[in-house]
Amino acid sequence: MNTFVKSVLAASLLFVLTGCGDDVGKVSLGLFTTKDVIIDAKQDPKIPGVTCHISRIEANLDFADPSDMGISCRQTGPITAADIAKIDMGKHGEVVFTESLSILFKSLKVRRIYDAQHQTLLYLSYSTKETNGSHKHALSTVPLFGSQAWVDPALKAVPKTTTP
């Protein structure tokens, strides 16, 4: 085989394997529809101890405008204070996942926001395009209680003393 054919085969294989990525479930919505519910697992890129499962509609060969989604995020590994220190602490947080939902320029985004008062990570999934007068969204939380990143509130209130 010549180099060109090998390159095309390698690229095709890579494309196929990339498409298999995060899908952990697929449920058909019926025999006479081209729509399926897809469930993806996404690991937070800055906090590897958190995994989010996102369900969404996939409308193959359809000009449908799938906006509904669900999200559930859980601690699936250690979360450390160093992990928390790497994230955006602002009220707007930061986008951690983006995925195209349709050919109509709609995306699903997941934004991580840190609630410092309650020591909880908030994961907001939302559609970037309005549908029926609303932007679809869903929320999941991951409390840090029990993780290595948890800071006991009682210890925060105690002033630090220095010894001579």
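Visitor: How many disulfides does the structure hold?

Guide: One. This is a predicted model: local features need pLDDT of at least 70, side-chain atom pairs count only at pLDDT 80 or more, and totals for chains, interfaces and linings use all residues. Residues are numbered from 1 along each chain as its sequence is written, and side-chain values use heavy atoms, with hydrogens and water left out.

Visitor: What makes the disulfide of Cys 52 and Cys 73 right-handed?

Guide: The torsion about its S-S bond is about 105°, so it is right-handed. Cys 52 belongs to strand 3 (residues 50-59) and Cys 73 to strand 4 (residues 69-75), so the pair ties together parts 21 residues apart in sequence.

Visitor: How many helices and strands does the protein chain have?

Guide: Three helices and eight strands. Both are DSSP runs, numbered from the N terminus: helices are H or I with at least four residues, strands are E with at least two. From the N terminus on, the order is α-β-β-β-β-α-β-β-β-β-α.

Visitor: Why is Thr 51 called buried?

Guide: Its relative accessibility is 14%. Buried means under 20% relative accessible area, exposed over 50%, and partly exposed in between (1.4 Å probe, protein chains only). At 14%, Thr 51 therefore counts as buried. Cys 52 is buried too, and so is Cys 73. Across the 164 residues of the protein chain, 31% count as buried.

Visitor: What joins the side chains of Thr 51 and Thr 76?

Guide: A polar contact of 2.7 Å. That term means a pair of N or O atoms within 3.5 Å; within protein, one must be able to donate a hydrogen and the other to accept it, and residues adjacent in sequence count only if both atoms are side-chain atoms.

Visitor: Where does Thr 51 lie, and which residues does Thr 51 touch?

Guide: Thr 51 lies in strand 3. Leaving aside residues up to four places away in sequence, Thr 51 touches Ala 41, Lys 42, Gln 43, Ser 72, Cys 73, Arg 74 and Thr 76. Contact means heavy atoms within 4.5 Å. For the protein chain, take contacts with a separation of 6 or more: residues 24 or more positions apart account for 45% of them.

Visitor: What makes strand 5 and strand 6 a pair?

Guide: Two strands pair if DSSP finds at least two bridges between them. Strand 5 and strand 6 (residues 107-115) share six bridges, in the antiparallel sense. In one of these, Glu 99 has Leu 108 in strand 6 as its bridge partner.

Visitor: In what order do the four strands of the open sheet run?

Guide: The order is 5-6-7-8, with antiparallel pairing. Strand 5 (94-100) and strand 8 (137-143) each have a single partner strand, so they stand at the edges, with one side of each left without a neighbour in the sheet. From one strand to the next, the twist averages 15°. Axes here are lines fitted to C-alpha atoms, for helices over the stretch in contact, and angles run from 0 to 180 degrees between N-to-C directions.

Visitor: Is His 137 buried or exposed?

Guide: Exposed, because its relative accessible area is 56%. His 137 sits in strand 8. Ser 127 is ten residues away along the chain, and the two C-alpha atoms are separated by 6.4 Å.

Visitor: Why does His 135 count as partly exposed?

Guide: Its relative accessibility is 38%, so it falls in between the cut-offs. The loop between strand 7 and strand 8 holds His 135. Asp 68 is 67 residues from His 135 in sequence and 9.3 Å from it in space, C-alpha to C-alpha.

Visitor: Why does Ala 85 count as exposed?

Guide: Its relative accessibility is 61%, so it is exposed. Ala 85 is found in helix 2 (residues 81-85).

Visitor: What phi does Gln 119 have?

Guide: A positive one, about 50°, although Gln 119 is not a glycine. Most residues other than glycine have a negative phi. Gln 119 lies in the loop between strand 6 and strand 7 (120-127). At 3% relative accessibility, it counts as buried.

Notes
Disulfide = S-S within 2.5 Å.
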